[in-house]
Amino acid sequence: MTTTETPSTLQRILDYSSRADPYPLYAELRRTPVARQEDGSYVVSTYREITDLLHNPHLSSDTRNLSHPTAGAEEQATPAFINLDPPAHDRLRRMTMRHFGPPHTPGLVTGMEDDLTGIVGSLIDDLAGKEQIDLVDDFAYPFPVTVICRLLGVPHEDEPRFHLWVDDVVNAIDYNPKTDPKEKLEKGIQARNELRRYLGGLVDQRHGRPGGEDLLARLANDDGPDGRMTDEEIVATANLLLIAGHETTVNLITNGMLTLLRHPQVLQRLRHEPDLVVPLTEELLRYEPPVHIIPWRAAYSDITVADTVIPKSSRIMLMLASGSRDPNRFHEPDRFDPDRRDNQHLGFGSGIHLCFGGPLARRETQIALTELARRLDRPRLVADPPPYRRSPVLRGPVHLHIEQGDGY
Amino acid sequence: MTSADNLQAFKREGRIVVVGASLAGLRAAEALREEGFTGSLTMIGDELGEPYDRPPLSKQVLTGWVPAENTKLPRRREVDAEWLLGVPASGLDLATNHVRLADGREVPFDRVLISTGVRGRPWFVESEAALDGVFVVRTREHAAGLQRALAAGPSRVLVIGAGFTGSEIASICRERDIPVTVAELAPAPLVGALGAMIGEVAADMQRAHGVDLRCGVKVTRLEGDAQGRLRRAHFDDGSTIDTDVAVVALGGVRNTDWLQGSGLAAGVWGIACDTGCRALDLNGLVTDDVFAAGDVARCPNPIYEYRLISLEHWANAVEQAEVAAHNMVSGQADRWPHLSIPRFWSIQFGVNIKSVGVPTFADEVVVTQGSVPDHRFVAAYGYRGRVTAAVSFNNAKWLDHYQALIETAAPSPPPCPAPDQPADAKPVPVDFPGPTLLAQGATVVVTGHDPSERRVTAAYQHR
Amino acid sequence: MRVVVDLSRCQGYAQCAFLAPDVFRMHGEEALMYDPNPDDARRDQVLRAAAACPVQAILVDQLEGRDAPAEASPS
């Protein structure tokens, strides 16, 4: 009998050394579709079981239903709808959707097309003649951030301030009390409070000024069928959208360009078949999604999945990116196939918490990749794999160095 | 057709006839080609024109948004068929394997698929049904006619029957700001399909949207003027209303009349089949070369005690078509049973109503999630302690979970509450107005005494 | 072009109504109504909507641009 603790598959996935290629570890994880961890939490990694759970009303998104609330949990603050169950979730999401999409505002995303194309165009203009590009800093980050700031009504010049806060908040999402220094969590909480104070100030400015076009102004002054959001609710919502708008699309675009550079024949096709970008984006959401893990949900009551009973109040981790590579669901799941027809992936989740900004993220990515493919001059990867960000949850390269033109 | 060689020869150069060229017929034809059937394929349909989709006819067509002729079904692939359209089939001869057409032509087959569907049940007095302004809605011509009548700005529309179609049409009328009266014999709308609890919710929705809803009443007479235009409707409580448009929404009649004398187990309740969509003959024995799919088929469902159930559901038509097509070109060992859980939807008064399972197969119902007053909820149906169905109002994202409960015979009422279950939720009797799963009236007689001579003969009734 | 939505699969995610708002419209919070025969000018939007459907319920005609299937009548 050995007493040396071998790290579990999950621990190895969370370890930074597997960030560049977690997929073989996901395959290992899928041998036990619902795996109980030493700390009593459960990890679910197969497609069928993940989708079953995402449609199960006993799977709670509210930390207050956990027996051991997660570190960094937001119990003091008003939770955003991502961390709420019906009916509170439905009410806040519906009230926010009134200003973002159908049925109340159906034309918003299609109405942004010119704007999106304009921002992409000018960012790529700036890349012309540059032989060394960092796709993240030069393009994939500033593009969605500009978009979400305009949408929300956050002054773009404040970006350097909240960029740091967002980084610290995201760092603390997957805080592990066993392995992480406590400062990581404290920094996250402090940054979250700063960010909320900052957004609260913006909301204050909008009170009593109906007719404002941005989302904050609309939320602050709207009296729809569900009434008006409290300031705390508006701040929580804006906070969620700002972070999501920062941290997910940048990964999708960067992962997309990385994948295209690894599959030059697809990049070549995209130049001549711009329509390809539509199924290609779906395949990216399956093959290299921006969100790999739903780090926690709570069992509201005992939940049976794949013959395993998950006891009430247990923490459940859903490995979305693993589910989208499940060979029992997808034919040749480890192959990047932009022509894939059967592609009901988990890239944006499923069920009532399906990604709020999905349609915008899709259009941003489609426009970005089409234009990058069309306008970059013989782009080549400088390092493969590129350096990755820390997070195993919101996974993507921290930099993507590309050479173009004659180079060297 | 027993040996593998025979099957291969049939797939290569056999003759398949599909009677009924609507959704089920088209999807079956596509599936046959997808399965590798390269023989001759003949599509017989009583309506002219390509197969079209019917659900939009009572919704976006009636709002005036989509022209009725713009509902042609998209194709999944080429079917390379001979289309015999505009003439109904009038008979089926299983001794010589021919379909007879109303114009006298005979079409030979090796295997036949029957997907003749249903037609709208007409108003029971023929002269009143013929009045200008009296409609049923089944075909695109019907829908186009009713749309024109609604666009003309009628003073009031009378909808006779508050099932799904009737309720949807009433909803469109209100959306178009047309006064509408709904007359329903049962105590509430939708009650025959979904029971008393949901019926009450449906009644609230109608009244909240300004529908003049009259339940427990029967329309006894439609009265026209000298020009043959509808003017007034009379009810059995002695009251009348002035109206210039009446929509008869009393359900459908299965198109099985043409099968009289064919020897198939076909009647007003449909064509009895096994789960592989093979039709039964009058004696209840499975035939090998005759298949049925869609609204006209009546298949056993193992989940519901193997009862024979016919469903006028869109997804049922598609799925049965695929199963039937597969089985038509497969050997006995490779055949599929059609075992899917029924799914249905209706759009009315701004609410998406969806169901999974068979709500009429239930003795109790309980609200498991959401808020009934807000018209956002899920209700689970149970029969003898297990979940058999669920209905959602604007809560469709949860229904997959209830499908899993049905498939696993999970206990009813579901023991654990969800976060949004109403605090006062408790099971109530489902309360259907009649024995809905029982056939109405005798349709056959049995003769003979010795087991070798016992036989069934059809006893066709006048309706 | 021809489109059909399998509304028994549809769960009301409204992704199609975001991406092709003239073709797919929400009727209330969750119910979808759509134009089964949208103008060819909307083709790009419709294909984006179909690809984005989280339950893959939107079928677009696969015979687009080829000979229309025979509309034979009895002769």
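Let me start with Gly40(A). It sits in the loop between β1 (34–36) and β2 (42–44) of chain A. Helices here are DSSP runs of H or I with at least four residues, strands are runs of E with at least two, and both are numbered from the N terminus.

A word on the model. It is predicted: local features need pLDDT of at least 70, side-chain atom pairs count only at pLDDT 80 or more, and totals for chains, interfaces and linings use all residues. Residues are numbered from 1 along each chain as its sequence is written, while chains are lettered from A and ligands numbered from 1 in the order in which they are written.

Is Gly40(A) buried, exposed or partly exposed? A residue is buried if 20 or more other C-beta atoms lie within 10 Å of its own, exposed if 12 or fewer, and partly exposed in between, with C-beta atoms placed from the backbone. Gly40(A) has 13 C-beta neighbours inside 10 Å, so it counts as partly exposed. Ile310(A) is 270 residues away from Gly40(A) in sequence, yet their C-alpha atoms are 9.5 Å apart.

Next, helix α9 of chain A, residues 159–173. It has 15 residues. From first C-alpha to last it reaches 21 Å, close to the 21 Å expected at 1.5 Å a residue; the expected span is 1.5 Å times one less than the number of residues.

Which residues of α9(A) are buried? They are Phe162(A), Trp165(A), Val166(A), Val169(A) and Ala172(A). They cover an arc of only 125 degrees around the axis, so they lie on the same side of α9(A). That arc is taken from the directions from the helix axis to the C-beta atoms. On the other side of α9(A), Pro160(A) and His163(A) are exposed. What covers the buried residues includes α10 (182–206) and α12 (231–247) of chain A.

Now chain B. It has eight helices and 31 strands. Its C-alpha atoms fill a box of roughly 65 × 65 × 50 Å along the principal axes. Of its 463 residues, 51% are buried. Take contacts between residues at least 6 apart in sequence: 62% join residues at least 24 apart. Contact means C-beta atoms, placed from the backbone, within 7 Å.

Last, chain C against chain A. The contact takes 18 residues from chain C and 17 residues from chain A. On the chain C side, α1 (15–19), β2 (24–27) and α2 (43–52) of chain C give two or more residues.

How values were computed:
Two residues are in contact if their C-beta atoms, placed from the backbone, lie within 7 Å.
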